[in-house]
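Here is a friendly walk through one model, to be read with the structure open beside the text.

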Amino acid sequence: MTSVDAYVEQVRRGLTGMDAGVRKDIVRELRSHLVDSVGADGGNVNAAVASLGDPVVVARRYRELYGYGVAYRSVFAIVAGILGVFTVPVLVGAETYIFPFFLSAIFLIVVATFLIWVSVKAGNRAGLAASTAACIGRFAAFGIVFASQRAAPLITPDGLALFAFVSLLLLVIGWVPGRAKRVWRNRGAEL
Amino acid sequence: MAEISPEWTAELKKGSVQLCLLALLAKEQKYGFQIIRELRERSDGFFDLKEGTLYPALRRLEERGFVESRWVEPESGNPRKYYRITEKGRRALGEGRELWERLTASARRVLEAAR
């Protein structure tokens with residue numbers, strides 16, 4: 001592996017989850033640059049690579065611009081949606097609680113952590129998409145319970161209020177961290 | 001230039017890089033390496049930025065719709081990605097140029113008065 005290959009590979013790895021086409025195009029452009037740069041510098045490959053700068057920083061700049069591709073954002077949303085189902089404590093069977101309150105609270109913490117991560121890593125829009133999916137998961141769980149007559153008496157006004165409040169909170173959690181990060185970043189102004 | 005705070009000087013420089021990149025594309029389409037080289041030569045090395053960060057900067061101009069790009073693949077030799085200014089980019093350049101002139105003139109007056 002030449003140092004050109006090693007460098008390009010490091011950038012490419014830093015672009016994981018970006019749209020495949022964009023990623024390929026970036027790598028191709030950097031390779032093209034290195035060919036020209038090495039040619040202009042009398043074949044000094046190491047100098048050409050060094051003047052591009054830290055591959056991690058370069059990849060981060062591209063990430064700030066392009067974020068994550070549709071495929072990854074969909075996966076984030078699907079995971080959030082599935083986790084969302086288990087944040088509803090009313091999944092009961094007959095007389096016994098299949099899904100007791102404390103377990104749903106644990107899932108709630110997990111999904112909230114995940115949403116913050118998505119929002120920070122992939123941006124506030126991806127975060128909002130994921131938190132919306134989580135809420136859809138919650139509504140689906142709720143709908144199933146509501147449809148089954150046996151559980152209906154267990155739904156109280158307080159429970160409904162809590163359900164609505166937590167759903168809204170999740171939407172905020174998905175959106176705010178990414179937005180805050182972006183505002184914070186822009187103070188330093190990108191190139 | 002000895003730097004008391006590299007972040008401070010980097011921030012002062014940053015705002016003008018995008019404008020310079022756009023200006024370099026005003027007359028003809030160019031590829032990345034060519035743009036980088038011209039930026040260095042014409043600024044006497046003032047914009048001593050890492051080359052790798054100029055490519056995302058070019059793409060940011062593209063995302064804004066100020067430039068468009070296409071690959072040119074010669075029969076033999078290095079395929080290159082060319083950037084060309086758009087109509088919107090031309091208007092942005094005009095606006096940016098005017099803003100830049102007012103900014104430097106205003107800043108100069110403030111700096112001179114405070115000398």
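Glu68(B) stands opposite Arg84(B), a residue of β3(B). The two strands β2(B) and β3(B) pair in the antiparallel sense, over six bridges. They belong to an open sheet of three strands in chain B, with the order β1-β3-β2 and antiparallel pairing. Its edge strands, each pairing on one side only, are β1 (30–31) and β2 (67–72) of chain B. As background, strands of a sheet pair through backbone hydrogen bonds, either parallel or antiparallel.

Please keep in mind that this is a predicted model. It scores ipTM 0.88 and pTM 0.77. For chain B the average pLDDT is 91, and 98% of the residues score at least 70. Within chain B, confidence is highest in strand β3 (residues 80–85), at a mean of 97, and lowest in helix α1 (residues 6–24), at 85.

Now to the rings. How many aromatic pairs are there over all chains? The count comes to eleven. One of them joins Phe142(A) and Phe163(A): the ring centres are 4.7 Å apart and the planes lie at 25 degrees, under the 30 degrees that a stacked pair requires, so this pair is stacked. The pair links distant parts of the chain, with Phe142(A) in helix α7 (residues 124–147) of chain A and Phe163(A) in helix α8 (residues 157–188) of chain A, 21 residues apart. Both Phe142(A) and Phe163(A) are buried.

Phe46(B) and Phe47(B) form an edge-to-face pair, 5.2 Å from centre to centre and with 70 degrees between the planes. Phe46(B), at a relative accessible area of 40%, is partly exposed. Elsewhere, ring pairs link Tyr68(A), Tyr72(A), Phe76(A), Phe114(A) and Trp117(A) into a cluster.

| Arginine | Ring | Distance to the ring centre |
|---|---|---|
| Arg28(A) | Trp71(B) | 4.1 Å |
| Arg80(B) | Tyr31(B) | 4.4 Å |

In the case of Arg28(A), the charged end belongs to chain A and the ring, that of Trp71(B), to chain B.

A buried side chain of chain A comes next. Ile26(A) has its place in helix α2 (residues 20–40) of chain A. With 0% relative accessibility, Ile26(A) counts as buried. Which residues is Ile26(A) in contact with, leaving aside its neighbours within four places in sequence? They are Leu15(A), Met18(A), Tyr62(A) and Tyr66(A), together with Arg59(B). Tyr62(A) lies 36 residues from Ile26(A) along the chain, and their C-alpha atoms are separated by 8.7 Å.

Last, a word on cysteines. A disulfide is a covalent bond between the sulfur atoms of two cysteines. Over all chains the count of disulfides comes to zero. Cys135(A) counts as buried, because its relative accessibility of 6% falls under 20%. Cys20(B), at 24% relative accessibility, counts as partly exposed.

Conventions: Residues numbered from 1 in each chain as written. Chains lettered and ligands numbered in written order. Predicted model: local features only at pLDDT ≥ 70, side-chain atom pairs only at ≥ 80, totals over all residues. Heavy atoms only, no water. pLDDT = per-residue confidence, 0-100. Helix = DSSP H or I, 4+ residues; strand = E, 2+ residues; numbered from the N terminus. Phe/Tyr/Trp six-rings, centres within 6.5 Å; stacked < 30°, edge-to-face > 60°. Buried < 20%, exposed > 50% of the residue type's maximum accessible area, 1.4 Å probe, protein only. Lys NZ or Arg CZ within 6 Å of the ring centre and 35° of its normal. Pairing = 2+ DSSP bridges. Disulfide = S-S within 2.5 Å. Contact = heavy atoms within 4.5 Å.
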